[in-house]
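Here is my note on the model shown next. Please read it with the structure open.

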Amino acid sequence: MSMLKNSWLGLFFRVVLGGIFIYASLDKILHPEQFARIIFNYHLVPSNIINLMAIILPWVEFGAGVLLIAGIWPRAAGTVLTGLVAIFIVALSINWFRGVNLECGCFTVSADAKSAIGELILRDVALLLAGLQSIMASPRAWLTD
Amino acid sequence: MKNRLKKELVRALLLVFVWSLVAAAVNTVSPRRIAWVGPWPSTFGEDSAAVPPSYTEDDAPILRLQEAFAMFQSPEVVFIDARDPADYEWGHIPGAINFPFDFYDDYADSVLPLISTSAQVVTYCGGADCELSLYLARQLSNEGYEHIFIFFGGQTAWEEAELPMEGDDS
């Protein structure tokens, strides 16, 4: 439990998690059209909000990532990113169950970037744990909370 | 503790809201802006049995269920199941060869010699939501196959029409 709440470990996870999300958002911010196509391929989102999601989601990833690293509202930012990861896990799992082979749209909008869904889910579970730790870590290390 | 939680959740919502505004502002002025509502076919309606959006006019021609079944009657036509071996073994179109696109390199050496490049080839996978058949068709086209067709209805349409099956579940 003390590991879970260790504030320096929390800082580490915040930088890693925030950095990953900032990095992941860039290609999607630059190519909203391709990202919309990837969201469509998940077959989970009603067609009339696909574009809206492609516009907003990358900026929320980016913004929450920046705040998390900067230590501004870190728990709120961590909560947003952890919530996103949880949603990604559900979306990937549903498509895994359906047997759909899809581009995850995680870090790139390139159509060639295909990975085994099982690996993607494992990766997201690791991110989820990092996110939970960053939320639970006691707010001592380098926070402006 | 409860207040603390509430405070963080309000902040989280505010964070999402503010960055949504940023996103909307950027999408208003950016040269890369996209329409607020895109021309996507309804995911939940009848159109969902349509063609994957990554399909282009340069890709191999598409077969409807009736056309696929008509070709199935001809012994010269080779059906290729692009799904994973487990799915294939569970049930597939009779006589279809398993060539899992996800393991293309592992299977290419053993499967490709079995099929003449002049043969009529039909690729399929799980159904309209599945693009393995499309990717396999593209790959086969690169290998020199000239008569490729894609049956996007795939295993799902075949099963729903109660056409003959082969495999553990048949």
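**Notes on chains A and B**

1. The buried residues of helix α3(A) are P32(A), F35(A), A36(A), R37(A), I38(A), I39(A), F40(A), N41(A) and Y42(A). Buried means that 20 or more other C-beta atoms lie within 10 Å of the residue's own, with C-beta atoms placed from the backbone. Helices (H or I, at least four residues) and strands (E, at least two) are DSSP runs, numbered from the N terminus.

2. This is a predicted model: local features need pLDDT of at least 70, side-chain atom pairs count only at pLDDT 80 or more, and totals for chains, interfaces and linings use all residues. Residues are numbered from 1 along each chain as its sequence is written, while chains are lettered from A and ligands numbered from 1 in the order in which they are written.

3. Nine of the 11 residues of α3(A) are buried, so this helix is largely enclosed by the rest of the structure. Its cover includes α2 (7-30), α4 and α5 of chain A. H43(A) follows α3(A) and has a positive phi, near 55°.

4. Now the interface. 32 residues of chain A are in contact (C-beta atoms, placed from the backbone, within 7 Å) with 32 residues of chain B. On chain A's side, α4(A) gives the most, with 11 residues.

5. In chain B, strands β3 (residues 120-124) and β4 pair in the parallel sense over five bridges; pairing takes at least two DSSP bridges. T123(B) stands opposite I150(B) in β4(B). Four of the five residues of β4(B) (residues 147-151) are buried, so this strand is largely enclosed by the rest of the structure.

Note on methods. Buried ≥ 20, exposed ≤ 12 C-beta atoms within 10 Å, placed from the backbone. Contact = placed C-beta atoms within 7 Å.
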